[in-house]
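The sequence and structure come first, and the description follows.

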Amino acid sequence: MAGMLARTALLAAVAGLASAHGTGAQTYPDHTVKIVVPQPPGGGFDTVGRILADKLGPLLGQTVLVENRVGAGTLVGTEAAAKAPADGYTLLLGGLSNIALNPGLYADLPYQPLKDFTPIGLAVTWSYTMVARKDLPYKDLKELIAFARSNPEKITFASAGKGSGQHIAMAVTAQLAGVKLTHVAYKGAQSAYQDILGGRVDLFFDISSTARGQVDAGSVRALAVSSRDRQAMHPDVPSVMETGVAPLDMESWFGLFAPAATPAPVLARLRAEFAKVVAMPEVAELFAKTGGRIMKLSPAETDALLKRDVERWTKLIQDAGLGGG
């Protein structure tokens, strides 16, 4: 009898929890939603996060705030989001760097992107543009790589820091092209541009949205873009793949992610509203002004892209000797 009562009490407790869980999902959201951006204000991560937060809020009927959680590159904020309650009230602004590049860079990554997060959706992607100091004496990338092959480590390239997207873009290109370049790490893109403009460093593979201003001003020369195809903002600039020097295909995408155990009804609501945001003409226009391309992928297509990029970039980073941090 006592055993039956215990089992009845247990079943009632489980039913009560399930009911409460279902009720929470049905009323979601009933208070403020937070998007963790693992980079400081003002950069690409932050810009995307604030655009999405601004448009998602009215659709969800609640305030959507951006919280910049910085430290150790993107690790601190991303780990915090991974360990947050899986209730739909703490989301992550994920990008190529913290989702697909970090697994190859860090031997002891404090989160597993494909296991700890579920994608809500990818919103936008940018290419990188390889720029050279304007007096670099090589007419195109093919000629520059030919010189680098005969003169190992003579060509220098800047980055916004070791392990940054700029660093990985150039290091992987050099690895694929079979040449050795000299890396010069700076504390941010602004410092790197100062030395490119001053002729103290040869190359910088920067995100296209920020490189565009310097290219349009004639302060630097654009040699190639990292994406498979040419970019509308640089129609006369070939892709690295097009030049034939390396089979590079790299774009920096951004999107929203939720902790993996987020209830299905909550995830469905977030995905539905996110899709509406991505379909807004004004959002596409905002991103297009800086060379961003809207991404409209199904959940299955998103999962496939993420899995492919994590596997591909982990191997490329390790082959280039950049991992183990």
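Which residue in E6 is the bridge partner of Thr156? The bridge partner of Thr156 is Thr182 in E6. The model is predicted, so to speak of local features pLDDT of at least 70 is needed, side-chain atom pairs count only at pLDDT 80 or more, and totals for chains, interfaces and linings use all residues. Residues are numbered from 1 along each chain as its sequence is written, and side-chain values use heavy atoms, with hydrogens and water left out.

**Strands and the unit they form**

Strand E5 (residues 156-159) pairs with strand E6 (residues 182-185) in the parallel sense over four bridges, where pairing requires that DSSP finds at least two bridges between two strands. Helices (H or I, at least four residues) and strands (E, at least two) are DSSP runs, numbered from the N terminus. Together with helix H7 (residues 165-177), E5 and E6 make a right-handed β-α-β unit; right-handed here says that, with the strands pointing away from the viewer, the path from the first strand over the helix to the second runs clockwise.

**Helix packing**

Two packed helices are described by the angle between their axes and the distance between the axes. Axes are lines fitted to C-alpha atoms, for helices over the stretch in contact, and angles run from 0 to 180 degrees between N-to-C directions.

| Helix pair | Angle | Axis distance |
|---|---|---|
| H4 (residues 96-105) and H13 (residues 299-319) | about 40° | 7 Å |
| H2 (residues 44-60) and H11 (residues 264-278) | about 120° | 9 Å |
| H2 and H12 (residues 281-288) | roughly 170° | within 12 Å |

With its angle of about 40°, H4 is oblique to H13, and H2 and H11 are likewise oblique to each other, whereas H2 is roughly antiparallel to H12. Angles under 35 degrees count as roughly parallel, over 145 as roughly antiparallel, 65 to 115 as roughly perpendicular and the rest as oblique. The crossing of H4 and H13 is right-handed, that is, the near helix is turned clockwise from the far one by less than a right angle.

In the contact (heavy atoms within 4.5 Å) of H4 with H13, residues including Leu96, Ile99 and Leu101 in H4 meet residues including Leu306, Trp313 and Ile317 in H13. By class, this contact has 10 nonpolar, three polar and one charged residues, where Ala, Val, Leu, Ile, Met, Phe, Trp, Tyr, Cys and Pro count as nonpolar, Asp, Glu, Lys and Arg as charged, and the others, Gly among them, as polar.

The crossing of H2 and H11 is right-handed, and its contact is made by Leu52, Lys55, Leu56, Leu59 and Leu60 of H2 and Arg269, Leu270, Glu273, Phe274, Lys276 and Val277 of H11. These residues divide into seven nonpolar, no polar and four charged.

The crossing of H2 and H12 is right-handed, with Val48, Ile51 and Lys55 of H2 in contact with Glu282, Val283, Leu286 and Phe287 of H12. This contact has five nonpolar, no polar and two charged residues.

**Backbone details in loops**

The peptide bond from Tyr28 to Pro29 is cis, with omega near -10°, and Pro29 lies in the loop between helix H1 (2-27) and strand E1 (33-37). Glu153, in the loop between helix H6 (141-150) and E5, has phi near 70°, a positive value in a residue other than glycine.
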